[in-house]
Amino acid sequence: MSEKATLNIHGKSYEFDVITGTENETCIDIQQLRAESGIITMDPGFGNTGSCYSSITYVDGAKGILKYRGYPIEEIAEKASFTETAYLVLYGELPTPQQLREFSSRLREHAPLHTNLEHHFSGFPKEAPPMAILSAMLNLVSCFHPEVLEVPTTGEQFDRTASLLLSKVRTIAAFAYRMASGKPINHPNPNLSYCGNFLHMMFSDPYQEYEVSPVVDKALNLFLVLHADHEQNCSTSTVRVVGSSRANLFSSVAAGVCALWGPLHGGANAAVIAMLEDIKDSGRPLNHYLDRAKDKDDQFKLMGFGHRVYKNFDPRSLILKNQVHEVLKALNIQDGLLDVALELEEATLKDDYFVSRNLYPNVDFYSGILLRAIGIPLNMYTVMFAIGRMPGWIANWKELHDHKQRISRPRQIYTGETTRPFIPLMER
Ligand code: SDX
């Protein structure tokens with residue numbers, strides 16, 4: 001007999017099931033609330049509202065815990081490649097060597113873009129934001145693969161669609177960068193790893209193939225692994241809402257790209273670099289920025305700080321912080337922004353405004369310095385986040401269909417004008 005929660009309102013009592021997940025999280029299942037009482041709950045921003053039952057990722061914000069399919073992020077970050085992690089997030093289990101070979105072969109097979117697709121890149125203005133290009137091209141790819149428009153996709157069809165998206169998102173990103181830079185595109189090289197191929201497509205020159213250093217390859221794998229999924233964040237929830245209408249996977253993730261673009265979400269990694277550069281170059285003391293961040297009349301926020309769920313350290317930021325030190329040392333790079341970042345973090349740890357609000361560095365705070373170290377241009381940082389998050393978006397979209405979830409359609413409380421007579425134009 002499951003525990004019940006009772007709601008007493010307008011002199012009536014309503015009972016609802018209390019559901020507990022495998023990590024002992026508890027919710028009240030209020031799916032019948034409106035049907036039974038005519039009443040809805042209100043939770044703008046959904047900070048207290050569950051949208052689904054999911055077995056993909058678990059985050060404990062109070063303890064700074066993140067697990068993909070039950071594996072702690074610290075272990076995955078240390079031991080798994082992005083391809084292995086993508087397989088785990090998509091299929092729920094770590095791949096066997098054979099499964100990994102087959103998965104990698106599908107990723108290699110799907111890396112090239114249809115020639116006609118390449119022509120579309122030249123239609124974008126040079127200064128077009130890469131996230132706009134990414135979202136547009138993801139939808140466009142589906143025009144060249146009508147078979148992926150079927151919904152929901154299962155079995156072979158899902159394997160093909162998922163690996164096609166995971167592979168082509170990387171090619172699209174690299175092509176967008178090359179075209180915007182006025183450089184010839186580099187076609188994918190099937191002999192390279194997932195990350196190695198991306199770096200080749202980004203940075204090889206007609207006469208000099210980019211040489212993938214193990215340090216850079218490891219750093220890029222780690223960056224993508226840490227971004228692979230993160231429960232029902234803004235962009236993943238967007239993918240689920242769009243997918244709930246039975247829109248195809250490509251249009252659903254294209255919508256996810258748009259949600260990720262915002263500076264409060266995936267756009268923060270680039271905004272962190274801009275903020276650190278301003279702090280470094282302005283000559284103003286750190287307190288000037290801390291005071292602005294506290295000022296309610298000032299829109300300025302410390303980018304890369306705070307999180308809806310983590311009220312402790314974001315475990316990803318701790319891993320990235322260590323990795324940044326390692327990469328800068330291995331590549332013999334002195335990046336003054338890292339010193340500024342460390343000073344800023346130190347200052348917030350001593351400032352009650354930030355400590356009392358649990359505002360610690362999140363995944364975006366150090367990730368930009370890592371991308372800088374491996375040579376990714378600033379306007380591609382959020383695109384890198386999208387490449388990393390692709391497995392999570394696809395897995396959540398599939399889970400939505402596996403659970404045959406209803407179309408998303410939240411309610412509202414109307415606060416506008418009540419009924420009033422229409423006034424003809426000449427009488428207004
Ligand atoms: C990501 O959801 C996910 O899982 C996201 C993500 C993922 O992997 O998908 O982890 C990736 O998006 C990380 C977040 C990247 N964004 C930023 O770094 C932008 C800066 N951060 C803030 O905008 C903010 O912290 C959010 C958006 C991350 C969280 O917003 P919330 O949960 O709505 O926080 P809030 O506005 O309720 O803040 C609580 C208080 C407020 O002050 P008071 O009203 O209590 O006085 O903290 C303050 C906020 O003003 N606050 C900040 C702040 N973040 C929150 N003050 C200054 N600087 C900040 N960064």
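Tutor: Gladly! Keep in mind that this is a predicted model. Let's start with T83, which is found in helix 3, residues 82-91.

Student: Is T83 buried or exposed?

Tutor: We judge that by relative accessible area, and buried means under 20%. T83 has 11% relative accessibility, so it counts as buried.

Student: Which residues does T83 touch, not counting those up to four places away in sequence?

Tutor: T83 touches L100, F103, S104, L107 and Y194. Now try another pair: T83 and A35 are 48 residues apart in sequence, and their C-alpha atoms are 45 Å apart in space.

Student: How should I think about a nonpolar core?

Tutor: In soluble globular proteins, nonpolar side chains tend to be buried together. Here the largest nonpolar core has 112 residues, and those with the most contacts inside it are L138, L276, L344 and I376. Helix 7, residues 155-180, gives the most to this core, with 12 residues.

Student: Which residues is L276 in contact with, leaving aside its neighbours within four places in sequence?

Tutor: L276 is in contact with L337, V340, A341, L344, F365 and I369.

Student: How do I read the sides of a helix?

Tutor: An α-helix has 3.6 residues a turn, so residues three or four places apart point the same way. Take helix 13, residues 286-294, where L286, Y289, L290 and A293 are buried. They are on the same side of helix 13 because they cover an arc of only 100° around the axis.

Student: Which helices do the buried residues of helix 13 pack against?

Tutor: They pack against helix 12 (268-282), helix 15 (336-349) and helix 16 (352-356).

Student: And how do I look for pockets?

Tutor: Rolling a probe the size of a water molecule over the atoms shows where empty space is left. In this model, the second largest pocket has a volume of about 210 Å³. Its lining includes E74, K79, K218, N221, I319 and E326.

Student: Which helices each supply at least two residues of that lining?

Tutor: Those are helix 2 (73-79), helix 9 (214-226) and helix 14 (315-330).

Student: How many of the lining residues are nonpolar, polar and charged?

Tutor: The lining of the second largest pocket divides into 4 nonpolar, 3 polar and 5 charged residues.

Conventions. Residues are numbered from 1 along each chain as its sequence is written. This is a predicted model: local features need pLDDT of at least 70, side-chain atom pairs count only at pLDDT 80 or more; totals for chains, interfaces and linings use all residues. Side-chain values use heavy atoms; hydrogens and water are left out. On a 1 Å grid over the protein atoms alone, a cavity is a set of points where a 1.4 Å probe fits but cannot get out, and a pocket is an open set with protein on both sides within 12 Å along at least five of seven lines; lining residues have an atom within 4 Å of a point. Grid points are joined across faces, edges and corners, and a volume is the space filled by probe spheres set on the points. Helices (H or I, at least four residues) and strands (E, at least two) are DSSP runs, numbered from the N terminus. Ala, Val, Leu, Ile, Met, Phe, Trp, Tyr, Cys and Pro count as nonpolar, Asp, Glu, Lys and Arg as charged, and the others, Gly among them, as polar. A nonpolar core is a set of buried Ala, Val, Leu, Ile, Met, Phe, Trp, Tyr and Cys residues joined through side-chain atoms within 4.5 Å. Buried means under 20% relative accessible area, exposed over 50%, partly exposed in between (1.4 Å probe, protein chains only). Contact means heavy atoms within 4.5 Å. The arc is that of the directions from the helix axis to the C-beta atoms.
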